[in-house]
Amino acid sequence: MSRNEQFAKRRLMPGNVLITGASGGIGAAVARQCARPGVTLFLWGRNIERLQQTARTCELRGAVAHVRVLDLANAQQALTALREDDDLAPLDACIMAAGVPDIRPPDALTELPETVLHIAEVNFTTPVTLATEAARRMAERGAGRIVAIGSVAAFHDLPFATAYSGSKAGLLRFMTALHAAMKPHNVGVTIVSPGYIDTAMSRRLDGARPFLMSPEAAASRLLQAMRRRDAHVVFPKPFIIARLLEMVIPRPLVHAILRRARVEQRPLQS
Ligand SMILES: NC(=O)c1ccc[n+]([C@@H]2O[C@H](COP(=O)([O-])OP(=O)(O)OC[C@H]3O[C@@H](n4cnc5c(N)ncnc54)[C@H](OP(=O)(O)O)[C@@H]3O)[C@@H](O)[C@H]2O)c1
């Protein structure tokens, strides 16, 4: 058994971990929490400075960190990159944290089709492609963990964020189906659905962010769910209640309430 394998067994923490969205927010927090001697991290993102900053912090904690600049809008490139990383160091965990939001501009009838396409690629097409390849390779080796970050937006018909809520709903169903398929192969598949997390993404929203959690707290909940091999975890708890309420309230009424919600998004800061 290799040093990484012995370490992973002792700490219940995977040895070789791929993390998308490691240049910011929850993904960077997950990377920091995974970082320790014996762990090799493959950190993916687009912003090289922030990616290298995450890598430096992880290396100070004793991990080996490789960074990769990659746009997840290109699923084929992402698939090739995952195969390269997994060939270099067989992945014990593949954590897909990257995601993009969109809120329909107040004066627009719909979201832009180009934006909808981009969100579908980054939030759904690429994660499901990567998860499938990781699952196949891990199942052949007889072990592994795959995690995706969804959103509580998946539970609601958000008229002002049709692409975001739709892409996260698709991702949720895909991941729980993959969980069912992979259980007999000792591959844990988990999706977490967070509420508001205090990252660059939610800071763009104009308005209240109830039950706000830190990225560190979200990362710990994600890693706990991964270790337990949970299929689906929602946090913080009030969003579980919101989900249950929506199931019992008639849909036309829910839609009328949601149509009245005033949710706006500030432009992206680089
Ligand atoms: N924050 C919240 O309130 C909240 C709530 C529910 C769910 N989530 C989900 O949590 C996940 C992490 O979000 P966050 O809050 O940590 O947001 P964040 O701070 O904005 O980080 C998003 C990450 O995704 C990466 N990313 C975005 N587009 C990409 C692309 N086309 N190709 C490659 N990487 C890309 C970013 O990389 P670069 O910066 O390098 O481009 C960044 O590392 C997302 O899936 C999000 O939907 C967030």
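**Aromatic cluster.** I looked up the aromatic side chains and found Tyr-196, Phe-211 and Phe-239 in one cluster. I note that the model is predicted. With ring centres required to lie within 6.5 Å, I get two aromatic pairs. One of them joins Phe-211 and Phe-239 edge-to-face, with 6.0 Å centre to centre and 85° between the planes. I placed Phe-211 in the loop between β7 (205-206) and α8 (215-228), and Phe-239 in helix α9 (residues 238-248), so this pair ties together parts that are 28 residues apart in sequence.

**Charge over a ring.** I found Arg-243 over the face of Phe-155, 4.2 Å from the ring centre.

**Ligand shell.** I count 31 residues around the ligand. Ser-23, Arg-46, Asn-47, Tyr-164 and Thr-199 are the closest. By class, the shell holds 14 nonpolar, 13 polar and four charged residues. Which helix gives the most to the shell? I find that α7 does, with three residues. Helices α2 (25-34), α5 (113-141), α6 (162-182) and α7 (200-203) each supply at least two.

Thr-199 has a polar side-chain atom 2.5 Å from a ligand oxygen. For Arg-46, a polar side-chain atom lies 2.7 Å from an oxygen of the ligand. Gly-25 uses a backbone N or O atom, at 3.4 Å from a ligand oxygen. I also looked up the ligand's area: taken alone it exposes 890 Å², and the protein buries 92% of that.

Key
Residues numbered from 1 in each chain as written. Predicted model: local features only at pLDDT ≥ 70, side-chain atom pairs only at ≥ 80, totals over all residues. Heavy atoms only, no water. Phe/Tyr/Trp six-rings, centres within 6.5 Å; stacked < 30°, edge-to-face > 60°. Helix = DSSP H or I, 4+ residues; strand = E, 2+ residues; numbered from the N terminus. Lys NZ or Arg CZ within 6 Å of the ring centre and 35° of its normal. Near = heavy atom within 4 Å. Polar contact = N/O pair within 3.5 Å; in protein donor to acceptor, adjacent residues only side chain to side chain. Areas by Shrake-Rupley, 256 points an atom, 1.4 Å probe, with all protein chains shown as cover. Nonpolar A, V, L, I, M, F, W, Y, C, P; charged D, E, K, R; others polar.
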